[in-house]
Amino acid sequence: MTWSEAFLRQAASDFEVHELLSRQSHLPRCHGLHYLQMAVEKLVKSFLCHGASGPPRESHAVVTSFIRSCASNRWLRGRFQMQHQPFSSMLRKHARVAEYIENLAPAMSDNVNAEYPWARAPGVAIAPRDHPFEEVSATEMVQFRHFVAELLKIQEGSR
């Protein structure tokens, strides 16, 4: 199995867990978002190391730049069956959510993340399970999840 395939397999598994957790309304949102963040990061790394002999060198900060770079990717635009302008517009819309999701990795922020408590004020911490995670609208999140699901299908179909 190549590095790209391994990242893709784990991304698909993480996304499946995200979907499962997201349907459990009694669970805190942080859990589903944690798996979404991991799935998206691994999916992007699958694209980045396609054809390479090793994993990408980038750390957690890969998602937003990848989404923005997709605007010039004719192959990917063709897979979405979209013209340049609507495709670019869709990517701009998803870039904001991608940045939010990317920043949920604890390594990316000292504040809101889906995994570890952070300081609300000096000496006062908040656990992710107690944060509402409403910085992105439910509609934007659903659209982004559909976008990620489509990227997963595209990457799985390119094997």
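I looked for disulfides and found zero in the structure. I counted a disulfide as a pair of cysteine sulfur atoms within 2.5 Å. A disulfide is a covalent bond between the sulfur atoms of two cysteines. The model is predicted, so local features need pLDDT of at least 70 and side-chain atom pairs count only at pLDDT 80 or more, while totals for chains, interfaces and linings use all residues. Residues are numbered from 1 along each chain as its sequence is written, and side-chain values use heavy atoms, with hydrogens and water left out.

I then checked burial (buried is under 20% relative accessible area, exposed is over 50%, partly exposed is in between, with a 1.4 Å probe and protein chains only). Cys 70 is buried, at 1% relative accessibility. Cys 30 is buried too, at 2%.

**Pro 55**

I found Pro 55 in the loop between α2 and α3 (63-69). Helices here are DSSP runs of H or I with at least four residues, strands are runs of E with at least two, and both are numbered from the N terminus. Is Pro 55 buried or partly exposed? Pro 55 is partly exposed, with a relative accessible area of 39%. I set aside the neighbours within four places in sequence and listed the contacts of Pro 55: Trp 3, Phe 7 and Cys 49. Contact means heavy atoms within 4.5 Å.

**Helices α2 and α6**

Next I looked at helix α2 (residues 29-48) and helix α6 (residues 138-157). Their axes come within 11 Å and cross at roughly 35 degrees. The axes are lines fitted to C-alpha atoms, for helices over the stretch in contact, and angles run from 0 to 180 degrees between N-to-C directions. Which residues of α2 and α6 make the contact? From α2 I noted Leu 33, Leu 36, Val 40, Leu 43, Ser 46 and Phe 47. From α6 I noted Met 141, Phe 144, Arg 145, Val 148, Leu 151, Leu 152 and Gln 155.

**Aromatic pairs**

How many aromatic pairs does the structure hold? I found five. Rings of Phe, Tyr and Trp (its six-membered ring) pair if their centres lie within 6.5 Å; planes under 30 degrees apart are stacked, over 60 edge-to-face, and the rest tilted. Phe 80 and Phe 87 have ring centres 5.7 Å apart and planes at 45 degrees, so this pair is tilted. Phe 80 and Phe 87 are both buried.

Phe 144 and Phe 147 form another tilted pair, 6.2 Å centre to centre with 45 degrees between the planes. Both lie in helix α6, three residues apart, about one turn of the helix. Phe 144 is buried at 1% relative accessibility, and Phe 147 is buried at 3%. Ring pairs link Phe 80, Phe 87, Phe 144 and Phe 147 into a cluster.

**Positive phi**

Most residues other than glycine have a negative phi. I noted Gln 81, which is not a glycine but has a positive phi of about 55 degrees. Gln 81 lies in the loop between α4 (74-80) and α5 (84-102). Gln 81 is exposed, at 73% relative accessible area.

Phe 133 also has a positive phi, near 50 degrees. Phe 133 sits in the loop between β2 (124-126) and α6. Is Phe 133 buried or exposed? Phe 133 is buried, at 1% relative accessibility.
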